[in-house]
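Biologist: Please show me the model, and then we can go through it by question and answer.

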Amino acid sequence: MKRNVLVLAVVALIVLAGCTLARRPAQEPTPSGEGEAAPAVSGLSPDAIAIAQERGLGPDDITAALKTYLPTGVHDDYAIFSSGGHSGQVLVIGVPSMRLLKVIGVFTPEPWQGWGYGVGNDVLDEGNVDGNEVRWADTHHPALSETEGDYDGQFLFINDKANARVAVIDLRDFENKQIVKNQVAVNDHGGTFATPNTEYVIEGGQYAAPLGWEYAALDDYNDTYRGMVTFWKFDRDAGRLDEAESFAIELPPYWQDLCDAGKLASDGWVFCNSFNAERATGGVEEGNPPFEAGASQGDTDYMHIINLQKAEEVFNAGKTFDVRGFPVISLDTAVEEGILYLTPEPKSPHGVAVTPDGQFLVVSGKLDPHVTVYSFDKIMSTIEAEKWDTDDYGVPVLGLDDVKEAQVEVGLGPLHTQFDDQGYAYTSLFLDSAVARWSLGGDFADLHPEDPWQLVSKINVHYNIGHLLAAEGDTVSPDGKYLVAMNKWALDRFANVGPLLPQNFQLIDIDNTGDAMQLLYDMPIGLGEPHYAQMIEYAKLSPWEVYPEVGWDPQTQAVSENAVLPGEEKVVRNGNEVEVFMTAVRSHFTPEHVEIQEGDHVTWHITNIERSYDATHGFAIPAYNINVSIEPGEAATVEFDANQPGVFSYYCTEFCSALHLEMAGYLLVEPNGSSAMLDQE
Ligand code: CUK
Ligand code: CUA
């Protein structure tokens, strides 16, 4: 009997699914011309029920499969740009399929893209710290560029928590263009976040240290250790952070955690939560309470409320001092000028999220089952009334009751919050391993007039969720539809791959607002640990298919002066400086023989003169640690010292054509003092 009900349900779902499939617009043909028309309902396999039964799939499994499955050649509706965690990279993932589309080399060399193996070396060097090569990063928070508070699909920023660095990726070619090293702090956390028109990219600090990380004993913590927040000015035309127009603000040595930019109602302000307002300095080995206890003694920490507009004026007026040559607004100046305010936040908070209308700020206390909602209006009127106490550094502290709008009990271990288009907020619950959906008051108060701010429902996730992201869920106009839980633990979700487990991204359907949320898909992330990610409607992205002109330099986004056109190939010697000018096209390099002497310094220019979509060539020289990817139109330059004599067959590393294996050449490095060389002389 039960089985019949299941079968009926399956049939009903398949029929429904058939309708959906039938409504799907026909896809554009793929470049190879293999596009097929959308299947008709009648085209469904009669074996579908048998398959579902054999695989033990219930109705929920089948709807989940139908909501996520993409036939070959059909594209995703959304893209996730995810932190790659300590891989130092960025992951691009399609939604709803949860297919990995790309891993972008950012702070860490990435051989497929040649990143750090011939190209990108200068950008990676920009990220060196005092001359030390740093070739990994702990990426936490990607931030898409915004226009009027909405993703514009042009740029992506991401921070490195370990070394306080920020990278800039151009979404025309999905390549990293810049790395800046923060001069004020050695590590960061509260970044990156973009202001509503990407005037600034915010990078907040975390573990307090003397500014410029100069030496000072921990006994001097209160006097010499400091927090910071940095505002990197973004030059959209140049596609670069403009260090000359950027500045930082000195903050008390509370451990600033995450920030968010105000928007609409709160545009021009920035909010950063913190923990360790206790200013614990650890030292279990000396009998002190461990950090985890010392930093959690108090009932509250401080949310930092920063008047960015005012700070910009003060910076422009030159009221700064220098840390390693970087301008910093001192804590005293920040207080005098009305740039910095604090307000209590319970209890060991993590994250601050500005609601889409900019009117409210949501903070979660990791050790408090509530989210606390602050009213921007109340913050402004309290500041205007000059109603505050001060902390030990003279910073105004607004009373919690004066600025609080509501507290919503959501569950255990609340961390991060996102929003949808229906007036709901979603908060990740680390300890509960769940996502709480709760209703916003304010403009949405009519939804639940009796109690506008209330928990509505929860969905379990697997397991120990950190961040979560909803479609455009941190912008002024969230899309709803999809939410992804970024789970820290996987446990039994996947087959055992040894003691180090992947993280688990779980896709959740939040479209049926008011109804139950549905878990759709598990995606193991075998590289990590990812922290935050953002999801953008794919239609907002318009990456190039090939570089705009032959000889394009992706670093300058212009035609390179070293571009090589067909017929211009040559090898030029000047003393022991050798310059190779090479073209690549299916299926050969020109030249195919390059003969040099041991000890030569070699500068090798290669232009891929192809104009066809996807006609990428690679170029590898064995033993010299060189491999570059040269996309259609791209001009790449690699440099090396020919310090190893011998025969080195260079070859194309992308299977580009039927005669790809033949796309090769010989680099002959003649040993110094060899008879051949003497013969020549
Ligand atoms: S942090 Cu990782 S789970 Cu860096 Cu945004 Cu909260
Ligand atoms: Cu070019 Cu393979």
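Modeller: A salt bridge here is a side-chain nitrogen of Lys or Arg within 4 Å of a carboxyl oxygen of Asp or Glu. This is a predicted model, in which local features need pLDDT of at least 70 and side-chain atom pairs count only at pLDDT 80 or more, while totals for chains, interfaces and linings use all residues. Residues are numbered from 1 along each chain as its sequence is written, chains are lettered from A and ligands numbered from 1 in the order in which they are written, and side-chain values use heavy atoms, with hydrogens and water left out.

Biologist: Which elements give two or more residues to the shell around ligand 1?

Modeller: A residue is near a molecule if one of its heavy atoms lies within 4 Å of it. Ligand 1 is surrounded by His140, His141, His189, Leu258, His350, His416, Gly466, His467, Lys488 and His531. Helices (H or I, at least four residues) and strands (E, at least two) are DSSP runs, numbered from the N terminus. The elements asked for are β4 (139–147) and β28 (465–471).

Biologist: How many residues of that shell are nonpolar, polar and charged?

Modeller: Ala, Val, Leu, Ile, Met, Phe, Trp, Tyr, Cys and Pro count as nonpolar, Asp, Glu, Lys and Arg as charged, and the others, Gly among them, as polar. The shell around ligand 1 divides into 1 nonpolar, 8 polar and 1 charged.

Biologist: How many residue pairs are in polar contact between domain 2 and domain 3?

Modeller: The domain assignment, automatic or from a database, gives domain 1 (2–58), domain 2 (78–540) and domain 3 (552–680). Between domain 2 and domain 3 there are 0 salt bridges. A polar contact is a pair of N or O atoms within 3.5 Å; within protein, one must be able to donate a hydrogen and the other to accept it, and residues adjacent in sequence count only if both atoms are side-chain atoms. With both residues at pLDDT 80 or more, the count between domain 2 and domain 3 is 7.

Biologist: Which strand gives the largest share of the side of domain 2 that touches domain 3?

Modeller: By class, that side of domain 2 has 6 nonpolar, 4 polar and 6 charged residues. The largest share, 3 residues, comes from strand β7 (residues 175–181).

Biologist: Where is threonine 192 placed?

Modeller: A cis peptide bond joins glycine 191 and threonine 192, with omega about 5 degrees. The place of threonine 192 is strand β8 (residues 188–194).
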